[in-house]
Amino acid sequence: MIRINENYLKLQSSYLFSDIAKRMARFQEANPEREIIRLGIGDVTRALPRACIEAFHKAVDEMANESTFRGYGPEQGYPFLREAIAAHDFQARGADISPDEVFVSDGAKCDTGNFQELFSTDIVIAIPDPVYPVYVDSNVMSGRTGFFSHGRYEGLVYLESTTENHYVPHIPKERVDLIYLCFPNNPTGATASKEQLQLWVDYARQNRSLILFDAAYESYIRDDSLPHSIYEMKGARDVAVEFRSFSKNAGFTGTRCAYSVVPKSVSVYDSEGNRHALHALWNRRHTTKFNGVAYPVQKAAEAVYSEEGQEEVRNLIEGYLTNARLVRRTMTDLGYECVGGKNSPYIWVDAKMDSWEFFELLLRKAGVVCTPGSGFGRCGTHHVRISAFNSYENIEKAMGKIADALK
Ligand code: MLT
């Protein structure tokens with residue numbers, strides 16, 4: 001008989017955002033006349049930048065002509081895109097990353113979910129709480145945890161992010177092998193300073209640990225003192241992998257393009273303590289299981305780095321940040337404590353009640369969908385996340401309805 005990977009049975013019944021979508025659909029079916037404004041999943045709503053669309057069209061036309069047609073591309077990405085990424089996103093900020101350390105992919109969700117495959121099943125993993133659920137679930141699927149009880153999986157080291165530590169977790173007292181960090185943070189919208197990130201890099205160096213740094217929301221940073229990349233920290237090239245995406249800056253959630261940076265200087269170890277290059281392992285995995293991102297999509301992503309593309313992306317982000325400020329101001333004025341929304345499109349609101357109850361309240365009374373914090377971990381039990389990804393008109397309308405509902 002065909003047997004299953006029983007680790008899947010340890011998972012919660014459905015992925016957080018599918019669960020929310022189902023509840024929303026049920027509500028809409030029962031109340032077809034009600035308008036629902038979605039501030040739940042962080043999905044962009046504005047059109048792709050003009051520069052990207054033009055590059056996209058041009059590349060599609062190239063595919064129509066035998067002399068410029070392209071079949072399989074390099075699995076790691078075309079050199080034109082890897083070079084633009086290394087130059088603009090890293091070297092321009094003083095981070096020493098070369099194009100062949102960049103692996104272009106179809107999403108940071110896939111990359112952060114897949115990366116754990118390279119490691120032994122008995123490593124110790126540190127996971128923030130609250131956290132983007134993909135980091136946890138992908139490790140559950142691979143058998144690196146015990147069962148789920150009291151809102152947590154056995155066997156993981158949870159790094160709590162609360163008001164006490166301003167949502168930047170403390171270094172754990174115990175030794176851990178793999179550390180997941182995300183700044184600007186999803187879901188809290190909190191940011192980490194250079195000093196705070198340097199502590200993590202120093203810890204990883206001392207313990208031969210590896211940091212998986214998710215920087216998908218990096219382009220929302222407006223405070224000049226904040227780091228955009230883990231590689232701005234001294235020594236990070238030896239102990240960190242970074243994930244980035246074109247989804248939240250240039251609106252590629254439906255177009256799909258992202259990348260991972262795996263420096264050649266990162267070492268990982270076998271059971272005998274022999275050193276191996278992480279870059280070679282990831283390259284082996286990537287070339288075996290992935291066939292590369294479509295050529296027109298990579299050309300569209302390259303256009304993000306053109307002068308016109310940069311300006312359009314800045315405007316897109318400014319729009320979402322304006323929304324974020326309005327959400328934060330409204331919720332604060334209504335008496336709710338908030339974090340995020342300043343260098344991030346997410347606002348983490350202390351709901352002062354169970355997060356699913358608050359979710360239902362906003363849905364029923366205001367017709368607004370948010371994300372219940374408990375879906376991100378036990379520390380989110382009394383919080384919700386409100387996303388600023390929508391039109392200004394809808395955000396204004398949603399905030400008016402929430403204000404009426406909560407007064
Ligand atoms: C979120 O809402 O947390 C994100 O949109 C999910 C994702 O990017 O996969």
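User: Which backbone nitrogen does the side chain of Ser-387 reach?
Analyst: The side chain of Ser-387 reaches the backbone nitrogen of Phe-389, at 3.1 Å. This is a polar contact, a pair of N or O atoms within 3.5 Å; within protein, one must be able to donate a hydrogen and the other to accept it, and residues adjacent in sequence count only if both atoms are side-chain atoms.

User: What kind of model is this, and how is the numbering done?
Analyst: This is a predicted model, in which local features need pLDDT of at least 70, side-chain atom pairs count only at pLDDT 80 or more, and totals for chains, interfaces and linings use all residues. Residues are numbered from 1 along each chain as its sequence is written, and side-chain values use heavy atoms, with hydrogens and water left out.

User: Is Ser-387 buried or exposed?
Analyst: Ser-387 counts as buried because its relative accessibility is 0%; buried means under 20% relative accessible area, exposed over 50%, and partly exposed in between (1.4 Å probe, protein chains only). Leaving aside neighbours within four places in sequence, Ser-387 is in contact (heavy atoms within 4.5 Å) with residues including Ile-41, Gly-42 and Tyr-346.

User: Which residues are around the ligand?
Analyst: Among them are Ile-41, Gly-42, Asn-186, Lys-248, Tyr-346 and Arg-385.

User: Which side chains have a polar atom by an oxygen atom of the ligand?
Analyst: A polar side-chain atom of Arg-385 lies 2.7 Å from a ligand oxygen. For Asn-186, an N or O atom of the side chain is 2.9 Å from a ligand oxygen, and for Lys-248 the distance is 2.9 Å. The protein covers 85% of the 260 Å² of accessible area that the ligand has on its own, with areas computed by the Shrake-Rupley method with a 1.4 Å probe.

User: Moving on, which residues touch the most other members of the largest nonpolar core?
Analyst: They are Phe-246 and Phe-252, in a core of 63 residues. A nonpolar core is a set of buried Ala, Val, Leu, Ile, Met, Phe, Trp, Tyr and Cys residues joined through side-chain atoms within 4.5 Å. Beyond its neighbours within four places in sequence, Phe-252 is in contact with residues including Leu-48, Phe-246 and Val-304. A second, separate core has 39 residues, including Trp-348.

User: And where does Ile-127 lie?
Analyst: Ile-127 lies in strand β3, residues 125-129. Ile-127 is buried, with a relative accessible area of 0%.

Conventions
A residue is near a molecule or strand if one of its heavy atoms lies within 4 Å of it. Helices (H or I, at least four residues) and strands (E, at least two) are DSSP runs, numbered from the N terminus.
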